[in-house]
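Here are my notes for a colleague who is new to this structure. Please read them with the model open.

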Amino acid sequence: MCAICGCSGEHDHSHGHDHSHDHGHHHHGHEHAHGTLVELEARILAKNDALAQKNRGWFAGREILALNLVGAPGAGKTALIERTIAELGGEPPLFVVEGDQATANDAERIRAAGAPVVQLNTGTGCHLDAAMVARGLSELRPPSGSAVLIENVGNLVCPALFDLGEHAKVVLFSVTEGEDKPIKYPHMFNAAGLVVLSKIDLLPHLDFSVGRALDHVRAVNPDAAIVQLSARTGEGVAEWCAWLRRQAAAARDSAFA
């Protein structure tokens, strides 16, 4: 279970129960339970990070760019992937790892758009982890020089904690969400290599200040690149694809660093 939000993910808890401690101090039970939970979370994250490093090496050895796309439900992650498949035209070849709690709807959309995709269902879990991604990669088998887009479960809390071995996190937030999203979820926005402000075609219909939203992004992450786009109209998509291609070139170069 995620100590952050209480979800029950696909984590191995069997190693978390240490029965060798002294049970004599019953009045410390609450503190002890809290300590055990924190300890368990630390173990889960450590195990995940070790697997993420293995994924990172796997990507590097094949000169593959891996991006972890995160955002709230409805931020436009799948729509952006669909548009990206069309825009890139196979340069670089795109492969998709699709995370969802229950359905395969998004994977079917991506397959229809023309990219190989593997579906990972997390059940009640609120994020993908490195082990799930490793299983997905073994099925997907992306070739050398390709790009892998990992669409994480719609959530801005737990995916910030779980490294998947990606080169960068791409955080989407749409103009239909609050301008203060970056300061409400600072850990996720702080971890972003790129922040995508999506659905900008809807701006004429909304009371949303792009200036204020971008100020909030820069307040928590002054170094993040920022792209404003609409997957529907295509505005800004070329800029996103140019960023992706630069990252892919860097991933190829870093293999020889």
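1. In which sense do β2 and strand β4 pair, and over how many bridges? β2 and β4 (residues 147–151) pair in the parallel sense, over five bridges. Strands count as paired if DSSP finds at least two bridges between them.

2. A word on the source. This is a predicted model: local features need pLDDT of at least 70, side-chain atom pairs count only at pLDDT 80 or more, and totals for chains, interfaces and linings use all residues. Residues are numbered from 1 along each chain as its sequence is written, and side-chain values use heavy atoms, with hydrogens and water left out.

3. Overall make-up. The chain has eight helices and seven strands. These are DSSP runs numbered from the N terminus: helices are H or I with at least four residues, strands are E with at least two. Of the 257 residues, 45% are buried. Buried means under 20% relative accessible area, exposed over 50%, and partly exposed in between, with a 1.4 Å probe and protein chains only. Among contacts with a separation of 6 or more, 74% join residues 24 or more positions apart. A contact means heavy atoms within 4.5 Å.

4. The sheet. Seven strands form an open, parallel sheet in the order β3-β2-β4-β1-β5-β6-β7. β3 (117–121) and β7 (225–228) are at the edges with a single partner strand each, so one side of each has no neighbour in the sheet. On average, neighbouring strands are turned by 20° against each other, direction ignored. β1 (residues 65–71) pairs with β5 (residues 168–174) over five bridges, in the parallel sense. There, L67 stands opposite A168.

5. Strand β2. Seven of the seven residues of β2 (residues 94–100) are buried, so the strand is largely enclosed by the rest of the structure. L94, V96, E98 and D100 point one way, while F95, V97 and G99 point the other. In a regular strand the side chains alternate between the two faces of the sheet. β2 also pairs with β3, parallel, over five bridges. G99 has L120 as its bridge partner in β3. From β2 the chain crosses through helix α3 (residues 105–113) to β3, in a right-handed β-α-β crossover. Right-handed means that, with the strands pointing away from the viewer, the path from the first strand over the helix to the second runs clockwise.

6. Cores. The largest nonpolar core has 30 residues, and L67, V170, W240, W243 and L244 have the most contacts inside it. Such a core is a set of buried Ala, Val, Leu, Ile, Met, Phe, Trp, Tyr and Cys residues joined through side-chain atoms within 4.5 Å. α8 (237–254) is among the elements giving two or more residues to this core. Helix α8 gives the most, with seven residues. L67 touches residues including V148, I150, A168, V170 and W240. A second, separate core has 19 residues, including L197, I200, V210 and A224.

7. The α7 region. Helix α7 (residues 210–220) lies across β5, β6 (192–198) and β7, at about 155° to β7. Axes are lines fitted to C-alpha atoms, for helices over the stretch in contact, and angles run from 0 to 180 degrees between N-to-C directions. P222 sits in the loop between α7 and β7. Is P222 buried or exposed? P222 counts as exposed, at 62% relative accessibility. Its C-alpha atom is 8.6 Å from that of N190, 32 residues apart along the chain.

Notes
Lists of a residue's contacts leave out its neighbours within four places in sequence.
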